[in-house]
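User: I am new to this structure and would like a close look at one part of it. Please keep the explanation plain.

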Amino acid sequence: MRRDGRQGVGAFHSTEDAGEPTPGDPAEERECRIMEPLEGNMAGAQKPGTVSTKRERIAALARRNAQMSFTSLAHHIDVDWLREAYRRTRKDGAVGVDGQTAEAYAADLEANLQSLLNRAKSGTYFAPPVRRVYIPKGRGDATRPIGIPAFEDKVLQRAVAMVLEAVYEQDFLDCSYGFRPGRSAHQALESLRDQIMAMRGGWIVEVDIKKFFDTMDHGHLRAFVRHRVRDGVLQRLIGKWLHAGVLEDGCIRYPEEGSPQGGVISPALSNVYLHYVLDLWFAWVVKPRLRGSAFLVRFADDFVMGFSCEADARRVLAVLPARFGRYGLTLHPTKTRLVAFCRPPQAPPRGVAGPSKGAGTFDLLGFTHYWARSRRGNWVVKRKTSPERLARSLGAIRQWCRRHRHWKVREQHRSLVQKLRGHYAYYGITGNAAGLRKFYREVQRTWKKWLSRRSWQSYIAWPRFAVLLEHYPLPRPVVVHSVYRHVANP
């Protein structure tokens, strides 16, 4: 392999190429000139300004010096910066190991923020363990671990994340959408659809990283951060959060890898990790060696890759395990697969609106993507609520109606309206009307069922339930995100 990163397409067949020096490999930092950090010291007198002005100053310097490694950033974090971090921190979240609520912290906010700033700058800040809880995953037969930091820890993590965001937003590629300002899951879905349509179909590599947040290697992560941020205070704080214990079942353990999913700093660190492991590797190493066109769409640790050539897709799929394995990550053996998402050769009858049997389907961000006919008779990529997500949402509605069936009807109706509107706000996209109607009908049936079980004589027949719906109507399905750029308010 030549040092300029070029080599023949045939050499990409070898899985050893996944371990060659690439722009994201800190172990080969000295061999990759483009990632050699230039020592840039931002120390010195800074004029006072608002938090937004400071962040823009950091971002502007990061844009002008794409190879600079910042050695002095912590001086930007002052009481005003922490106050803004406090404002951005969610106040109604679960409490951490210390049991402190946002209301209790706000009772003496200025003194608490000043104390937090002094401890963070002096190095005496102690990162408390995170409280681990488990939430249902998929259809409910599996669980996902979530770490809940203490509230003060959330504020400080938010402050550091604001600094990292100002620097790394200038580096992140357009293929990344998760946990970034001004970017959303629907923009990722729109980009994916547009690129597939422009490619007129192709081959999709659907990838699932097994327990990504729990298996991030601390050594690689700290090396990735040092590419751009070498500030001692920030490095020390990140190290404390990575090595903070996890409280579970009354016992504290100290994992040697991973970052608790649910922590404020974890999304920023995960984006930095995958930026070097995946995004840069795909853009600088993979794409120049392909015969056809290709694209990557990533939202946090969920991503798919599209290829116009089947041979390219198979070569990349073959080297992916070695590439991720080098950084301590494992791909799920059954959920990582190659999908023939080619445009169907023949159109089904005009009355058929479902997926064609000639093309496969794949899931991303809660939607199943498939080829179907538009109203004008053209082949288009449509999205519908994935069966797994629909079952999970309906299961949550059933559990809620069961547990709150003795509430007043007015209060139940108010909560159900909010849940329906929230569902429409995410899943209300063009082509998903059938999925929205199914959800709407099932919510009606579920509400009727549990209202009928409030007591032994409270059965409600459908005619009587229809009268109740006239007084307490549930919002009907509405398309909020339209491919025609028309937005309706639910």
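At what angle do helix 13 and helix 14 pack, and how far apart are their axes?

Analyst: This is a predicted model, and what follows is computed from it. Helix 13 covers residues 409-427 and helix 14 covers residues 433-451; the two pack at an angle of about 160°, with their axes 11 Å apart. Angles over 145 degrees count as roughly antiparallel, so helix 13 is roughly antiparallel to helix 14. The crossing of helix 13 past helix 14 is right-handed.

Residues from both helices make the contact. Helix 13 contributes Val409, Gln412, His413, Leu416, Leu420, His423, Tyr424 and Tyr427. From helix 14 come Leu436, Phe439, Tyr440, Val443, Trp447 and Leu451. Sorted by class, this contact has 11 nonpolar residues, 3 polar ones and no charged ones.

Strand 13 (residues 367-373) can be followed through its two pairings. With strand 12, strand 13 pairs in the antiparallel sense over 3 bridges; Phe362 has His369 of strand 13 as its bridge partner. These two strands form a hairpin with 2 residues between them, and Leu365 in the turn has a positive phi of about 55°. With strand 14, the antiparallel pairing of strand 13 runs over 7 bridges. Thr368 stands opposite Lys384 of strand 14, and Arg373 has Trp379 of strand 14 as its bridge partner. Strand 13 and strand 14 also form a hairpin, with 5 residues between them, and Gly377 in that turn has a positive phi of about 90°. Strand 13 is mostly covered, with 6 of its 7 residues buried.

Asp301 lies in the loop between strand 8 (294-299) and strand 9 (302-307). Its relative accessibility is 17%, and since buried means under 20%, Asp301 counts as buried. Leaving out residues up to four places away in sequence, Asp301 touches Ile209, Phe212, Phe213 and Leu274. Ser176 is 125 residues from Asp301 along the chain, and the C-alpha atoms of these two residues are separated by 9.8 Å.

Key. Residues numbered from 1 in each chain as written. Predicted model: local features only at pLDDT ≥ 70, side-chain atom pairs only at ≥ 80, totals over all residues. Heavy atoms only, no water. Axes fitted to C-alpha atoms, helices over the stretch in contact; angles between N-to-C directions. Helix = DSSP H or I, 4+ residues; strand = E, 2+ residues; numbered from the N terminus. Parallel < 35°, antiparallel > 145°, perpendicular 65-115°, else oblique. Left-handed = near helix turned anticlockwise from the far one by under 90°. Contact = heavy atoms within 4.5 Å. Nonpolar A, V, L, I, M, F, W, Y, C, P; charged D, E, K, R; others polar. Pairing = 2+ DSSP bridges. Buried < 20%, exposed > 50% of the residue type's maximum accessible area, 1.4 Å probe, protein only.
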